[in-house]
Amino acid sequence: MAAQTEPGKTPLYYVPAQSVWPIYTAIALLIIAIGGANFIQQSTDKVANEGTLGGATFAVGLFALLVCMWGWFRETVVESLGGKNSTQLSISYRMGMGWFIFSEVMFFAAFFGALFYTRLLTIPWLGGAGNNAMTHELLWPQFQAFWPLTLTPDGRTFEVMSPWGLPAINTLLLVTSGVFLTIAHHAIKVGDNAKVLKNLAIAIILGFIFMGVQAYEYHHAYVEMGLTLNSGIYGSLFFLLTGFHGLHVTIGAIMLTVMWVRTAKGHFTPENHFAFEAAAWYWHFVDVVWIFLFFVVYWL
Amino acid sequence: MAHHANPTGFKRWLLTTNHKEIGSMYLLFSLAMFFVGGFMAMVIRAELMYPGLQLVQPDFFNQMTTTHGLIMVFGAVMPSFVGLANWMIPLMIGAPDMALPRLNNWSFWLLPVAFGILIFAIIKSFLGLGAAPNFGWTFYAPLSTSYGPPSTDFFILSVHIMGISSIMGAVNVIVTIINMRAPGMTMMKMPLFVWTWLITAFLLIAVIPVLAGAVTMMLFDRHFGTSFFDAAGGGDPVMFQHIFWFFGHPEVYIMILPAFGIISTIIPTFARKPLFGYASMVYATASIAFLSFIVWAHHMFTVGLPLQGNLFFMYMTMLISVPTGVKVFNWIATMWRGAMTFEVPMLFSIAFVVLFTIGGLSGLMLAITPADQQYHDTYFVVAHFHYVLVTGAIFSVYAAAYYWLPKWTGNMFHTGLAKFHFWASLISVNVLFFPMHFVGLGSMPRRIPDYPLQFADMNFWISIGGFAFGLSQIIFLVVLYKCVKGGEKATSEVWENPEGLEWTIPSPAPLHTFEVPPTVK
Ligand code: HEM
Ligand SMILES: [Cu+2]
């Protein structure tokens, strides 16, 4: 509409032009899926899949995905800097991010649900609780129900991770990181970029230290404690929950790093900083998951 | 918006950010999948026409039931509703487009990717190059973990991609509905199709990630030595069923709530009366959605849950039929003493009301724990879910397609052919699914390629009904083709005084609509 496209005015509603990035991103995922499935099958010796070059395809797919994300986000950044984002659109973006985070919450909920189910039902039942005395007797009569489960029904044994030590330090790291991020967030709302950069940098560095500590903890678990993915349900749940959390920390830290660069380039104003806010929400989400995880996976 | 030229050629479809084009692609994609999944159904029915093994080997038969279910649920029914949402929600709420148009394009193009992977596995299996997934559309562990064929890993990643598509599509729908309504379009003025989709989108965002979690654990159990579903390591295969059905039951409502919205839109038009009990429809939809999270174990009455568990899930399941009943009551009350006419969309809608109710009633029978311990995994269950899904969900999509086709194409469809499509489908679908109740009560198990002789007659007729239903759907292709090509020009109202903003714009709907939001009084 003529009234809406007057130069210099933000359109009421902006329908973006056609874009190549969505379909390129879909193709990148196709390459990742094909490469990934072949790669997993080859590297775990389940299927030989000779000549399918799983690993290489997978790597190409990941690289393509990164390129696509770069291109797609670049397009939105250009629009944002070009003043095309109406208030309505920025509300849409915020809601979209909120619902996306809710979907992530539900993804973790499935894993936490598995943890509770195992602790409250499976393990007692394998030990003969309820009406399962015969099951217990016939399957693994020597099995003892307790948690953390350091001895599986079929006799695998290992140590469990204590919460005090590295995990406690990690909790502190992430919470502190969240605090610095909030300070940066308040600073961006008043346009104090120098303060944003400083506090955001600290938040990011704490995040990377967290990842380092986590990597060290995994190494320790595998090498010294005999705690691996193969360690029955305890090891399965431990690595699944902390592993997916770690993956999300990594993504969050990358997001925050990009926000640091964009702040340095002066992309954000007190009114227009959706991307920063989205990244901040994501980081807080990762934070909350960790606190929950610290209690139910490590401590209780 | 005048600033973009409208490009033509195939790029227009690959790169589009327009809700109408994306909606059309979704609809055509789902139609294609409907025929692919239908082909598998034909293989199944051909094998079951006579007792004994005639056409296929048992393992291949299992692949057919599995991929039929997966393709119909995730490829035909779900995308068809997303296509309708794309086309109609912006028109119904007076928005210029979906809230996040690029994301919209991505959600669509992920589907051909996901189904490409799945269908590739099926083609390989046809060529004798390794089994496609063969563990049922519910992919229970350990069938899908310890015993799944290598294609299972491709299936897992394909489910992840479908999941991303569904979640992103749902995010888009929610944000559009909450943030893009025209001034004056308050929540309680929204058409019911918009309401039901709002709630469906919420369900999608809540449970699709749980499905993603389930397949992720499967992948780990298959390859990385974990024991989620393996009792030897302290895990539990029954836990898989809990996680799957926590997704699975809301999923069946994901496939029926938009249908409720469609029927609630069409019946008032042809009964020439406003919908009876608008507010109660909204509340009923919300209660169904809420309850759908706490009934999942009615799929697991035979796995040996504690008695209290079985009782809880039985009562909750029965409770859910109360709001469902409210809806059926409202539809009938809307028709009561209406000046009814029986155009094709109305025919499908009335068939929906009757036949969906039959499915709901067999659902109630299945909800009774001790009865279900007899019915479970028999053809009675197959009869139940085909009544709610085929004569429910699919019929509603046909009703919607006939209702809005003139708006989409600008042409009226050929009424005679469309009526032929309706009657042929209606009769054959009942020949196909009604006898399944009886073979089920006679305890013929589902998912088997062969059966005892006493079921032979019924199965013969079921197969006849199946082939007839399959053939009848080809009529729809003809109607569609003719309608796109030409036909009597449709007015902007199309029907007699229909409710809704979509009828205030010309037919065919121009590429861009409501660039200036209308004001709703
Ligand atoms: C009145 C409402 C309903 C009730 C009380 C109900 C109840 C049930 C019960 C108890 C079962 C499990 C049967 C068994 O495996 O032994 C079942 C299965 C099923 N229902 Fe329903 N249902 C209802 C509505 C629906 C709707 C609306 C849909 C989908 C649109 C649906 C789709 C299914 C499907 C797909 C299955 C079979 C799953 C499988 O094992 O493959 N149901 N239903
Ligand atoms: Cu159910």
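Trainee: Which helix holds Asn172(B)?

Mentor: Asn172(B) is in helix α5 of chain B, residues 151–179. Helices here are DSSP runs of H or I with at least four residues, strands are runs of E with at least two, and both are numbered from the N terminus.

Trainee: Before I go on, what kind of model is this, and how does the numbering work?

Mentor: This is a predicted model, where local features need pLDDT of at least 70, side-chain atom pairs count only at pLDDT 80 or more, and totals for chains, interfaces and linings use all residues. Residues are numbered from 1 along each chain as its sequence is written, chains are lettered from A and ligands numbered from 1 in the order in which they are written, and side-chain values use heavy atoms, with hydrogens and water left out.

Trainee: Thanks! Back to Asn172(B): buried or exposed?

Mentor: Asn172(B) is buried, at a relative accessible area of 0%. Buried means under 20% relative accessible area, exposed means over 50%, and partly exposed is in between, using a 1.4 Å probe and protein chains only.

Trainee: And what is Asn172(B) in contact with?

Mentor: Leaving aside neighbours within four places in sequence, Asn172(B) is in contact with Met98(B), Ala99(B), Leu100(B), Leu103(B) and Asn104(B). Contact means heavy atoms within 4.5 Å.

Trainee: Let's zoom out. How many helices and strands does chain B have?

Mentor: Chain B has 15 helices and 0 strands. Its C-alpha atoms fill a box of roughly 65 × 50 × 45 Å along the principal axes, and 66% of its 521 residues count as buried.

Trainee: How does the radius of gyration of chain B fit a compact globule?

Mentor: The two agree, because a compact globule of 521 residues would have a radius of gyration near 24 Å and chain B has 23 Å. The radius is taken over C-alpha atoms, and the globule rule is 2.2 Å times the number of residues to the power 0.38.

Trainee: What about the largest nonpolar core: how many residues does it have?

Mentor: The largest nonpolar core has 283 residues, and those with the most contacts inside it are Phe74(B), Leu84(B), Phe115(B), Trp197(B) and Trp331(B). Helix α6 of chain B, residues 192–223, gives the most to this core, with 23 residues. A nonpolar core is a set of buried Ala, Val, Leu, Ile, Met, Phe, Trp, Tyr and Cys residues joined through side-chain atoms within 4.5 Å.

Trainee: Where is Trp331(B), and what does it contact?

Mentor: Trp331(B) is in helix α10 of chain B, residues 307–335, and it counts as buried at 0% relative accessibility. Beyond neighbours within four places in sequence, its contacts include Phe260(B), Ile263(B), Leu275(B) and Phe352(B).

Trainee: New topic, the ligand. Which residues are closest to ligand 1?

Mentor: The closest are Trp137(B), Asp372(B), His376(B), His384(B) and Arg446(B), out of 22 residues that surround ligand 1. A residue is near a molecule if one of its heavy atoms lies within 4 Å of it.

Trainee: Which helix gives the largest share of the shell?

Mentor: That is α11(B), with 6 residues.

Trainee: Last one: where are the cis peptide bonds you'd point me to?

Mentor: One runs from Trp147(A) to Pro148(A), with omega near 0 degrees, and Pro148(A) lies in the loop between α4 (133–138) and α5 (166–189) of chain A. Another joins Ser507(B) and Pro508(B), with omega about -5 degrees. Pro508(B) lies in the segment after α15 (456–485) of chain B.
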